[in-house]
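Dear colleague,

Here is the structure I said I would pass on. My notes on it follow below the files.

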Amino acid sequence: LFNEIKKNNIKIKVVTLNFGYENMNTSEVLRHIFPSINEIIHKFEIIGHIAHLNFCNKLEDCKKIIAEVILDKNKSIKTVINKKDILNNVHRTFNIELLAGEKNYITELKENNIKIKVNYELMYWNSKLKKERDRIYNIVQNNSIILDVFGGVGIFSLLLSSKSCLCFSNDINTHAYDYMNININVNKKKNILTYNLDGRKFIEKMIELNIFSINDSNILTMYIDEQNKKNVSMEIINSKDHALTAKKLKENKNNNYRKKKQQIILENEKNNLTNYEHNTTNYTLEVDTKNELNKNIQSENIQSEKCNLDNNQKNVINSTNSDNDIYVNTKQDPLCTTKKEDINKNIDNEKNQSKIEINLNNYNDIHVLMNLPQLALDFLDVFKKIKKKKENDKIRNIFIHCYYFSNPESFYEHAEKNIMSHFKKLPKEMKVTEIRKVAPNKLMYVVEFNLKELLES
């Protein structure tokens, strides 16, 4: 190297590099500001433009400074918040403390090419569960039936709908339900039915629909509201390959649009030609029209003089005609009235539920997702209401994915105890998977088994 420098007469210059705040990441800055604190938060959940932190008591005095550093060092973050309490209500929401940035909790994010809108203040969302959502996606086969009991903003159904699944997504939180429908529309999904019910009521509704059984006709007849009429396409949900059917429908729509556009162009050209011929005719007859108009004016003047001579008789005639005119104008056509009434009836019917039929022969197993770790195990007993309506009916495979909290010492026994208390027996095959650590002695798990075994044995 020295020989090359000497050979090419390269000059060496000593430069001093100043390494400061601008060159550091969030973690490095915080360690410099708080060198004596070992547990400074430098990892946090990001939801769109929101950074969500959970501060322990020892960091209470410095949380504002930490928030400002996070806001400054991460340009995509506009809002930094702290969770003030645990999720202790039915809607799984918590009190938010704004630490830095904008007070804007409506945000957008993207997961697996799915666009998600969420109001973080009013509904549940957890970006840390992406790995679990990916795991479920890999487990579920194409053409499955999905029952998402505690669906939140609909992420499970939005994800699984791409596998030609028939999805039923529910949440008791009205705000979450509204955003669920928004997200379905944003992502142009047409195979997700949505509900705003208590979880137990939702499961009971699914049982009433008899989707858990396979029967001779296997046609699901049900009634849907106005919202679900917008959410689904009957052509798509009654097909095996939803994506292919959606593509064909789009192509047909585009073809029809092009045909209609061409028809309008031809009609406009035809109308333009007709107008040209009409204008030419008017021009050639202009002189005759003026002569005829002059004759009419002279005739009207003679008639006017005649009428003035018989003024009294005219008043009587006008009075009689006036009454008749009023009667004619105020009278309504019975046929027109009927049509208006029919239109009003149709509007009322549209507000009510509409009958649809779904061919369940296109679908196979059922997957029930129960992501409410605090209470989900308590809802298992409602599945005991599943009964065969006919002797020849068969029960589908019903794979339960039930999430729960437990301490790490007794997590498996905790699941066994709850299943045993509801069904008085255990499934032959039962799998328990650790999802994430919530607190030092509190972990989130999911227990998975085939409910069919417990219902038939």
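Two strands are taken to pair if DSSP finds at least two bridges between them. Helices (H or I, at least four residues) and strands (E, at least two) are DSSP runs, numbered from the N terminus. This is a predicted model, in which local features need pLDDT of at least 70 and side-chain atom pairs count only at pLDDT 80 or more, while totals for chains, interfaces and linings use all residues. Residues are numbered from 1 along each chain as its sequence is written, and side-chain values use heavy atoms, with hydrogens and water left out.

The open sheet

Strand β2 (residues 50–53) runs parallel to strand β3 (residues 79–83), and 4 bridges join the pair. In this pairing, Ala51 stands opposite Val80 of β3. Both strands belong to an open sheet of 4 strands with mixed pairing, in the order β1-β2-β3-β4. At its edges are β1 (45–47) and β4 (96–101), each of which pairs on one side only. Neighbouring strands of this sheet are turned against each other by 30 degrees on average, direction ignored. Helix α3 (residues 63–73) packs on the sheet and touches β2, β3 and β4; contact means heavy atoms within 4.5 Å. The direction of α3 makes about 55 degrees with that of β4 (axes are lines fitted to C-alpha atoms, for helices over the stretch in contact, and angles run from 0 to 180 degrees between N-to-C directions).

Strand β13

Because 5 of the 5 residues of β13 (residues 366–370) are buried, this strand is largely enclosed by the rest of the structure. Buried means under 20% relative accessible area (1.4 Å probe, protein chains only). Ile366, Val368 and Met370 lie on one side of β13, His367 and Leu369 on the other. β13 pairs in the parallel sense with β7 (residues 145–148) over 4 bridges, and with β15 (residues 398–406) over 5 bridges. Leu147 is opposite Val368, and Leu369 is opposite His401.

Helix α6

The 13 residues of α6 (residues 174–186) should span 18 Å at 1.5 Å a residue, and the end C-alpha atoms are 18 Å apart, so the two agree; the expected span is 1.5 Å times one less than the number of residues. Its buried residues are Ala176, Tyr177, Tyr179, Met180, Asn181, Asn183 and Ile184. Among the elements that cover them are β5 (106–111), α5 (155–160) and β9 (192–195). After α6 comes Lys188, with a positive phi near 55 degrees.

Regards

Terms used. Buried < 20%, exposed > 50% of the residue type's maximum accessible area, 1.4 Å probe, protein only.
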